[in-house]
Amino acid sequence: AACLEDVLVKVSGQLRLAGDKRLRPYKAEAAKLVRDFSYRDEKGGKPKNDEQGTRDRSFVLTAAFDETAVNGILGKLGVKPWLSHRPVLGVFVEMQNGARRYVIAADSKETELQRAALLAAGAKRGMQIVLPDAAGLAGIGAGDQAIAAIAPAKLVEVAAARGAEAVLVARLVWDDRKLRWTADWQIERQGRSQRRQLSAVTFDEAFRQGIGAAAQILAGQ
């Protein structure tokens with residue numbers, strides 16, 4: 001059922017379907033729509049320990065759904081599959097946690113976890129994303145000033161050099177009082193700009209929300 005919801009969002013580009021009550025009857029019958037599935041052992045090839053194979057062993061489930069069935073559900077929901085070209089997203093993410101501020105780079109060990117989460121979020125939403133490298137960020141002064149203070153044209157130039165066709169800019173700030181990230185997302189494409197403000201407990205979820213929101217905007221064009 002969880003996989004089916006992800007697939008419907010991914011195929012349509014419509015993040016608004018996540019949590020939609022209309023999905024309940026389809027999710028209840030989700031197993032009947034699966035064409036194939038597999039499990040990947042996350043600890044495969046790693047040295048065994050006392051608990052491996054019991055409660056601490058985890059697997060990743062991959063489910064492939066019948067294309068006709070998925071498109072049929074979308075049709076009943078009044079949504080079309082997003083079959084046209086999906087622009088490559090150049091993503092600039094600035095994160096602020098207390099006094100620490102950093103920008104996620106394609107080649108920085110400091111932001112390795114955040115980079116992996118961003119790429120995973122892109123794959124989950126069916127979007128190809130590219131990140132700026134450290135040299136590109138240094139060239140536009142991202143280490144000395146906030147990303148929001150940098151001219152959009154410079155961000156577009158850096159992203160385009162890495163193959164991006166649209167630019168997504170985000171600033172995530174950790175709120176100690178609410179124990180969550182607040183995020184401002186802005187997408188730039190063909191001289192037009194759209195913004196979203198979202199919040200999430202983890203940066204993984206924040207990335208999924210932001211990239212999902214960008215996909216929804218692009219899918220509507």
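This is a predicted model: local features need pLDDT of at least 70, side-chain atom pairs count only at pLDDT 80 or more; totals for chains, interfaces and linings use all residues.
The largest nonpolar core has 30 residues. Leu89, Val93, Met95, Leu118, Leu172 and Phe207 touch the most other members. Five elements each supply at least two residues: strand E3 (89-97), helix H4 (112-124), strand E6 (166-175), strand E7 (180-189) and helix H7 (203-219). Helix H7 gives the most to this core, with eight residues.

Leu172 illustrates the packing in the largest core. Residues up to four places away in sequence are left out of its contact list. Leu172 then touches Val93, Glu94, Met95 and Gln96, among others.

The structure holds three aromatic pairs. One of them joins Phe203 and Phe207. This pair is tilted, at 5.6 Å centre to centre and 40° between the planes. Phe203 and Phe207 are four residues apart in helix H7, so about one helical turn separates them. Both residues are buried. Gln209 is found in helix H7 as well. Gln209 counts as buried because its relative accessible area is 18%, under the 20% limit. Beyond its neighbours within four places in sequence, Gln209 is in contact with Leu15, Leu198, Ser199 and Ala200.

A second aromatic pair is formed by Phe37 and Tyr39. This pair is edge-to-face, with 6.0 Å centre to centre and 80° between the planes. Phe37 lies in strand E1. Tyr39 counts as exposed because its relative accessibility is 54%, over the 50% limit. Phe37 and Tyr39 also belong to a nonpolar patch on the surface, together with Phe59 and Leu61. The four residues have about 450 Å² of accessible area together. Strand E1 (34-41) and strand E2 (59-65) each give two or more residues to the patch.

Pro81 lies in the loop between helix H3 (67-76) and strand E3. Pro81 is partly exposed, with a relative accessible area of 23%. Pro81 and Gln14 are 67 residues apart in sequence, yet 9.3 Å apart in space, C-alpha to C-alpha. With residues up to four places away set aside, Pro81 touches Val11, Ser12, Asn71 and Leu74.

The salt bridges come to nine. Asp6 forms one with Lys124, and the closest N and O atoms are 2.8 Å apart. Asp6 lies in helix H1 (residues 2-12) and Lys124 in helix H4, so the pair ties together parts that are 118 residues apart in sequence. Asp6 is partly exposed, at 24% relative accessible area. Lys124 also counts as partly exposed, at 31%.

Arg22 and Asp20 meet in another salt bridge, at 2.9 Å from N to O. Arg22 is partly exposed, with a relative accessible area of 39%, whereas Asp20 is buried at 19%. The side chains of Glu110 and Arg100 meet at 3.1 Å, N to O. Glu110 lies in the loop between strand E4 (100-103) and helix H4, and Arg100 lies in strand E4, so this pair ties together parts that are ten residues apart in sequence. Arg100 is partly exposed, at 40% relative accessibility. Salt bridges that share partners join Glu94, Arg101 and Arg171 into one network.

Note on methods. Residues are numbered from 1 along each chain as its sequence is written. Side-chain values use heavy atoms; hydrogens and water are left out. Patches are made of residues with over 30% relative accessible area and no salt bridge: like charges are joined within 9 Å, nonpolar side chains (Val, Leu, Ile, Met, Phe, Trp, Tyr) within 5 Å. Accessible areas come from the Shrake-Rupley method with a 1.4 Å probe; for residues, only the protein chains shown count as cover. A nonpolar core is a set of buried Ala, Val, Leu, Ile, Met, Phe, Trp, Tyr and Cys residues joined through side-chain atoms within 4.5 Å. Buried means under 20% relative accessible area, exposed over 50%, partly exposed in between (1.4 Å probe, protein chains only). Contact means heavy atoms within 4.5 Å. Rings of Phe, Tyr and Trp (its six-membered ring) pair if their centres lie within 6.5 Å; planes under 30 degrees apart count as stacked, over 60 as edge-to-face and the rest as tilted.
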